[in-house]
Amino acid sequence: MTHSAAAFGMVRWGAAYDMHHTPVMNSQEGAVPVAVPDIVVRSPTWETLARHAIAAAQHAGAQYADVRLTHTLFQSFSFLGPNVGKSKETIGIGIRALVNGYWGFTATPGGDIADIEGLARAAVAQAKVNAQGPRRTVELGTIPPAVGHWTIPIAIDPFTVPIEEKLAMMRYWLSLRAGCSINAMFSRFYFVRWEELVATSEGALCTQTRHEGGASIAVNDPDLRRMGSTLKIRGVTPQAKGWELLLDADIPGQLAGMSARFAQQKQDEERAKPAQVGRYTVVCDGATMASLTDRSLGIATQLDRALGYEANASGTSFLNDPLTMLGTLQIGSPLVTVTANRSAPGQLATVKWDAEGVEPQDFPLVKAGVLADYQTTREQAAWLAPFYHKSGLPVRSRGCAATESALLIPMQHSPNLALAHGADDVGLDALIASVPDGVLIRDGHASCDFMARSGTLSGTMYEIRNGRIGRMLTGGTILFDTMELWKNVSALGGPSTVGTSATTRWPYETVWLQLTKEYPVKGQPPQLPSYTTQAPAATIDKQAVINLLRKA
Amino acid sequence: MLHDHERALRSSVSYGRLDQAPHQAQPQQRPRFLSEADCHDILNRLHRLATGGGFTAVTILSYWSGNVRWGRNQINTTGEVSDNWIEIQRMIDGALGSVTVNETTDAVLLAGARQAERLAALKPASRDAEILEGRRPFDLVSPAETPSLFSEATYQLDANQRAKAAIALAQRASAASMLSSGYIEVSAHSRACIDTTGRTFYDAFTRAQYSVTVRNPAGTSSGWAGTDHHDWSKIDPDTLTGIALDKCLKSQNPVRIEPGRYTTILEPQAVYDFVSNLFKSWGGMDLADNLVPTTRGIGPFNRDPRLPGYTRLGEKVIDERITISADPMDPEMSFPAYEVGPGWRAPDLFPLDTYRKVTWIDRGVLTHLAYSREEAINEHDRNTGILNSGAFHMTGGTMTLDEMIATTKRGLLVTRFDQLQELHFTSQLYRGYTRDGLWLIENGKISKAAKNLACTESILFALNNVEQLGVPKRIFQDAGFGVFTIPAPAVVPPLKIRDFSFTALTDAV
């Protein structure tokens, strides 16, 4: 979700709850372990289950098999009253088997060794019946087997913070009256923790613990004549962080300084005028560029989309001839370099190993404006072998296999993306200062067609006159052609202008399916593992401003 | 006004098969989702494990699903999955604690019950609790108003049959040197709401879906077709594949059409893609949205945005040839009569709500707006709301699509829309793209395939500019997936609409 989803202010949030891990029965009573972790670490252990699953799949004839186990904890708090409600905890076991170039996949929540062995045999049986189809090969390449455990670095595991402390923190924030106050109805936060195991028939057996948390905290305008006008606390958009996400956001400090933001907003709105249709030089802030990067180049460089495997679902890509286009197609100005990573601290797709046990490395998708690579899994990497051979690169998965949980088949999903910032520390003001006549977009949100070929970009728009920010503009939207837009990037901001866009379904938990139009979901059934995109501010020349509310 | 059967139901504790004792089925006979006996067994075990008094309730959504998916004419992913949503509720001294898990072992249920009890202890008693403590019976309809939606043809479509179907369907595109990607999914779902006060509900249904996209290798054309049904044997994948292939083959050299207002024939799927936005969550049919403005403005059926509190109920809102209704027993589009579980409309204390036959718009006149049972109880002192399932049956005319084309001098024909996004709530203005088949009609004939266009149009404007209505047809509906599958089928006619607004070209195929 970038923030258009926040428009759905009427989402009825489950009330607050807690899943903290102190055993509920105290240890003197001792006999029955009821603490949450015991659900998964009880005997037989994960490792035992995984090894039996792999062995059973191999025995049944799998040429390759992998197994994933996931244990997902989710908790969410609403600021509306001490309203302790739901918590959610799920377990998944998923087995993928390969026979003669065809996959089989089975998954279930929990089970004993006999159940899991049966599940593995069913996955193999499925692969065998699929292999009645025309000859197909899957080349997985060789990777060093992943072994060990990794925990994403966070400061405070939110599932160890007692619920009393969370409620006390919320009451404290709600009680603050210096400056502005929190709108309890539209404020909430959530945390997710994944414990994951991946094992393969090639000897990999790794486990990792990952976290995600985020908040949407609305603040009331102190001007009572502007009832219903709210602004959001900054710095709490979804990140791979623990409880410190909320503590570090300095909510009291932000509340104290919020009056100035409201005064500015009020002044902007009073002086606003309708956007004039035409071609303009557009300056976008970092968050806007992050959304643009994600929804255009990010989506277009997914290899399964490019080759048509997603045609019946999320769509295709204008980068649809990879072997011809790679290394040659200029899709942006020389300033445009987009790198994929699953390593950046605090970002949502950061892992040690992907869903296939591959240790991802950072890699460029677009280098100096030229298409440089695609997002791939192990199977997909081989599809680009002629290009990699020609370029002297190893044929290796880019580590983009992911899955929301073991109950869904792993597929290629977006890693974290980063548009490289400018070399100098050019601030947003400096970008604006060099534009005689144009528009500025803040907190923008991009949306593309099903081929990522064209799209729209909207956000808070201001006119730029003689290098200075002028009046707010209403009703304006940029209508763009993806390649033309990226080719017209004429200046980039420096590191201080970098903004973030978080794509995650978790803030909406049970209602996310109804919002799928807002999300870049993939696959059938649909999936959306979380990821983060970062980008600096940028100047883009010659973009068309239209007014969507005015029909043809 | 209560129906007679409603009175009868209120007098009994519940409607359900309480007389059936939970039993332990043989492993090989067990269904692939939680059976009614399994659900009662879960509640019974929770009841034994509970401490601290009060009472216990569970809401269970369980499913099994098998799918096969292909791309570039070869099966590339596949799966057979089961999962559960087991919401454990412990109500103690009027305070509710609730924990959701997906496993059914004693260890998990015990941990869940303890956690729920701990949460209940932290929550003050509430008015919501009084409602539940009052053991208000579930709002259930009679068996005669409950469609049977479990199909053995769907449930028994195993991996081998799915694979064979996929291979044969992909072969058709392959034989024509085209590339197809398609998806077959069958699933079976059970739902239960049971508590220790004696209220009990259980039902089960199946769902099958097939959709296929055929593209030419050059990537200049694309055709799509699809449908869904609770009964796999009612789906004709071969005919659908033929439609998608035909659309692809005939649109390989599309021409650019200037954006503008066109007389536009929308195939039933396109009508559904567009009009269904009105019936989705936040779509404008909610009474509350039309009474009081929200952050999105006021709903489309408010009489005057400056005078909140007055709706357009009783007024003509669309073309008088159109009636839009929904009925779980509709033979052309039957759907489950209940909403169960954690949908955004069903909060904790109302795990079950009921869909009854409703006519939303009668010959163009707005006759009902939706409100939930919770709102009915809290605000209208009734036990029954008017719930919008998202399913709808829209009346049409007698014309065939061919006749509609033959009577068009110049216009466009749209297969379907994609990525429709709301621009303006009050006017129901949406922007989106045509996809998988757009055609130019000249002098009563399809003259050329056209490149896709972006449209910007209001649902209400379009439904007030209807020239012709065709024979209604059941369309493809994306019902979600997994435990949250909520079938909301629709039957809609093709429509010819005057001055439908297309605002931009796109080269997307």
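Modeller: Start with the contacts (heavy atoms within 4.5 Å). Among those in chain A that join residues at least 6 apart in sequence, 77% link residues at least 24 apart. This is a predicted model, in which local features need pLDDT of at least 70 and side-chain atom pairs pLDDT 80 or more, while totals for chains, interfaces and linings use all residues. Residues are numbered from 1 along each chain as written, chains are lettered from A and ligands numbered from 1 in written order, and side-chain values use heavy atoms, without hydrogens and water.

Chain A has 552 residues, and 62% of them are buried (under 20% relative accessible area; exposed is over 50%, partly exposed in between; 1.4 Å probe, protein chains only). The chain holds 13 helices and 24 strands (DSSP runs, H or I of at least four residues and E of at least two, numbered from the N terminus).

Take A:Ala215 as the way in. This alanine sits in strand E6 of chain A, residues 205-216. A:Ala215 is buried, at 13% relative accessible area. Beyond four places in sequence, A:Ala215 touches A:Arg188, A:Phe189, A:Val236, A:Leu245 and A:Leu246. A:Ser76 is 139 residues away from A:Ala215 in sequence, yet their C-alpha atoms are 9.4 Å apart.

Now move to A:Phe189. With neighbours within four places set aside, its contacts are A:Gln75, A:Ser76, A:Phe77, A:Phe79, A:Met170, A:Gly214, A:Ala215, A:Trp243 and A:Leu246.

Helix H8 of chain B, residues 268-275, is largely enclosed by the rest of the structure, because eight of its eight residues are buried. They run from B:Pro268 and B:Gln269 through B:Ala270, B:Val271, B:Tyr272 and B:Asp273 to B:Phe274 and B:Val275.

Next, the cysteines. The structure has zero disulfides over all chains (two cysteine sulfurs within 2.5 Å). A:Cys400 is buried, at 1% relative accessible area. Its sulfur is 16 Å from the closest cysteine sulfur, that of A:Cys206, so the gap is too far for a bond. A:Cys180 is buried too, at 2%.

Last, the backbone. Most residues other than glycine have a negative phi, and most peptide bonds are trans. A:Asp443 has a positive phi of about 50° and is not a glycine. A:Asp443 lies in strand E17 of chain A, residues 437-448, and is exposed, at 56%. B:Ser177, again not a glycine, has a positive phi of about 60°. Its place is the loop between H6 and strand E4 (179-195) of chain B. B:Ser177 counts as exposed, at 51%. A:Gln524 and A:Pro525 are joined by a cis peptide bond, with omega about 0°. A:Pro525 lies in the loop between strands E22 (499-503) and E23 (531-535) of chain A.
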